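This report examines selected local features of the structure shown below.

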Amino acid sequence: MSIFLQALINGLNQGAIYALIALGYTMVYGILRMINFAHGDFIMVGAYTIFYTAPIMVSYGMPAWMAVLIAVVVCAIVGVLVERIAYKPVRGSGSISALITALAMSLFLENLAMVLFGPNPKTVLKIFKLPMITILGAKIQMKYLLTLGIGIAIMILMNVFVHATRIGKAMRAVPQDKEAATIVGIDVDRIITLTFAIGCALAAVAALMYVSTYPRCTTDMGSMMGIKAFIAAVLGGIGIIPGAMLGGIIVGLIEIFVKIYLAPGWYEAITYGILIVVLLIKPSGILGKNTGVKV
Amino acid sequence: MLEVKDLVVNYGAVEALKGISFTIEKGEIVTLIGANGAGKTTTMHTISGLVRAKSGSITYNGEDLLKIRPSKLIEKGIAHVPEGRHVFPEMTVDENLDMGAYSCKDKKAVEAIRDDVFEKFPRLRERRRQLAGTLSGGEQQMLAVGRALMGQPSIILMDEPSMGLSPILVEEVFSIIEEIHKAGITVMLNEQNARMALAIADRAYVLETGKITISGKASDLMQDERIRKAYLGQ
């Protein structure tokens, strides 16, 4: 029982991180119908920013997690730059061009990080000083519960944002009909840029949660995370905000439970296997509407 | 109010508009009639900035429209009801109207205009929580007009509002256009239904393969032998 509870909490923690990254994928896909394969690398950008700025925060007597505020700004700026410089020029020249550009951006960011930060992994200082509590014999890290709480809070916030605010509604209107959006006065380019900024800012929050669980930065950390989050987004139904959360949590739970109860080496195979099964039964994902659009 | 001069628009190698000129004065209903592919929609899209002009000019109250960002036109008072309605299908009627008032940040003002729109279209009030994609064609047309009115325009561009509607709904749409006009809004109307268009318009232009061939008072054009033959089926 205690192992089960511990696995559950760890899985939810892992899942919340994936969910936040998946949210960024889903938002960009929702508005541009484009898979931003460089999205995972924003975790890396965020993690390195936290690595460099957390000690500065601490030296000024502030808590280390405040570094996430800087990471949010840095990620949003890098995200907007990537969109403006790399993606905007190929918009309208087909999904294959966009896909290849995104893959190129991913490689570019990873190699740029290699040049800037060097090839050796960096160890991030301790982000949260939270106690471990014991429930029903299970040792549970409070910071895991915090991660889960932040993940759920952000998902609810984003859902409210796109349904209740003027800008949020415009973000939903643009992919439905770009022409009509322009006619009513929505600056489509600005909305797309804003979507990238928000998606990348969420990646910075995910980076904080990641380094608080695994305090290590590597230049290629984003690509694996990116793939997992991509799976999460597709599993839950890409383009749908609650789908990203659900998909993230499912992928996180599968990973941890397979690691603990089945075989540690098999968790990725099983995650991919479940993705294939879900896509065979329901190609639009668990919460997706069947519109015949394939990712 | 609106002046189009020597407007040329190309789609690749195809010349869609071959240098057309026309004017719309404040308070008028001006209709552009012509067959499919004559260039009516292209003309409207160029005014709205959705299509780029190759040469020529479009001025609105003395301002060069070709230099203004398309998303700023509604703030200048130009609303567009596009051909095929183009409502946001996955949004509710209310949200569609919200988008119509996107450039207005004053929430109270938006609610006041919304009440006006519902006054005009009681059907929309009944369906305000329904997704626009589930409305009938006629209701979607009402919504597209309502959305345009939410921007409080001084001129409204209507592209084929009667297309695909039953004769009764066509009558309704035209009476709405007259109502809008009576409320002081200038109307530019693209129509294939020349009979209906000429009946409500002050002036008309006939567009044929990218050129204006006939123009004049709508009542005169109604008597014109060429128009009677080609567009009124008499």
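## Positive phi values in chain B

B:T209 is located in the loop that runs between β9 (203–208) and β10 (211–217) of chain B. The model is a predicted one. Although B:T209 is not a glycine, its phi is positive, at about 35 degrees. Most residues other than glycine have a negative phi. With a relative accessible area of 56%, B:T209 is exposed.

A second residue other than glycine, B:N61, also has a positive phi, with a value near 50 degrees. B:N61 belongs to the loop between β4 (55–60) and β5 (63–64) of chain B. Its relative accessibility of 56% places B:N61 in the exposed class, for which the value must be over 50%.

## A mostly covered helix in chain B

Helix α1 (residues 40–48) of chain B is mostly covered, with eight of its nine residues buried. The buried residues of α1(B) are B:K40, B:T42, B:T43, B:M44, B:H45, B:T46, B:I47 and B:S48. Just after α1(B) comes B:G49, whose phi is positive at about 80 degrees.

## Packing of α3 against α4 in chain A

In chain A, helix α3 (residues 67–87) and helix α4 (residues 95–117) have axes that come within 11 Å and cross at roughly 130 degrees. This angle makes α3(A) oblique to α4(A). The crossing of these two helices, α3(A) and α4(A), is right-handed. On the α3(A) side the contact is made by A:V78, A:V82, A:A86 and A:Y87, and on the α4(A) side by A:T101, A:A102, A:M105 and A:L109. Sorted by class, the contact of α3(A) with α4(A) comprises seven nonpolar residues, one polar residue and no charged residues.

## Packing of α3 against α8 in chain A

The axis of α3(A) also comes within 7 Å of that of helix α8 (residues 188–213) of chain A, and the two cross at roughly 140 degrees. The consequence is that α3(A) is oblique to α8(A), because only angles over 145 degrees count as roughly antiparallel. The crossing of α3(A) and α8(A) is right-handed.

From α3(A), the residues A:V68, A:A71, A:V72, A:C75, A:A76, A:G79, A:V80, A:E83, A:R84 and A:Y87 take part. They meet A:D189, A:I192, A:T193, A:F196, A:A197, A:C200, A:A201, A:A204, A:V205 and A:L208 of α8(A). By class, this contact of α3(A) with α8(A) holds 15 nonpolar, two polar and three charged residues.

## Aromatic pairs

Over all chains, the structure contains ten aromatic pairs. One of them is formed by A:Y48 and A:F117, which are stacked with 4.3 Å from centre to centre and 10 degrees between the planes. A:Y48 is part of helix α2 (residues 41–59) of chain A and A:F117 of helix α4 of chain A, so this pair ties together parts 69 residues apart in sequence. A:Y48 is buried, having a relative accessible area of 1%, whereas A:F117 counts as partly exposed at 22% relative accessibility.

The rings of A:F257 and A:Y261 are likewise stacked, because their planes stand at 10 degrees, with centres 5.8 Å apart. A:F257 and A:Y261 lie four residues apart in helix α10 (residues 241–261) of chain A, which means that about one helical turn separates them. A:Y261 is partly exposed, at 45% relative accessibility. Ring pairs also link A:Y48, A:F51, A:Y52 and A:F117 into a cluster.

A:T147 lies in helix α5 (residues 142–164) of chain A. At 1% relative accessibility, this residue, A:T147, counts as buried. Residues up to four places away in sequence not being counted, A:T147 touches A:N13, A:A16, A:I17 and A:M209.

In chain B, B:L131 occupies the loop between α5 (122–126) and α6 (137–150). Its relative accessibility of 34% makes B:L131 partly exposed. B:L131 and B:E90 are 41 residues apart along the chain, and their C-alpha atoms are separated by 5.8 Å. With neighbours within four places in sequence left aside, B:L131 is in contact with B:P89, B:E90, B:M91 and B:T92.

Note on methods:
Residues numbered from 1 in each chain as written. Chains lettered and ligands numbered in written order. Predicted model: local features only at pLDDT ≥ 70, side-chain atom pairs only at ≥ 80, totals over all residues. Heavy atoms only, no water. Axes fitted to C-alpha atoms, helices over the stretch in contact; angles between N-to-C directions. Parallel < 35°, antiparallel > 145°, perpendicular 65-115°, else oblique. Left-handed = near helix turned anticlockwise from the far one by under 90°. Contact = heavy atoms within 4.5 Å. Nonpolar A, V, L, I, M, F, W, Y, C, P; charged D, E, K, R; others polar. Phe/Tyr/Trp six-rings, centres within 6.5 Å; stacked < 30°, edge-to-face > 60°. Buried < 20%, exposed > 50% of the residue type's maximum accessible area, 1.4 Å probe, protein only.
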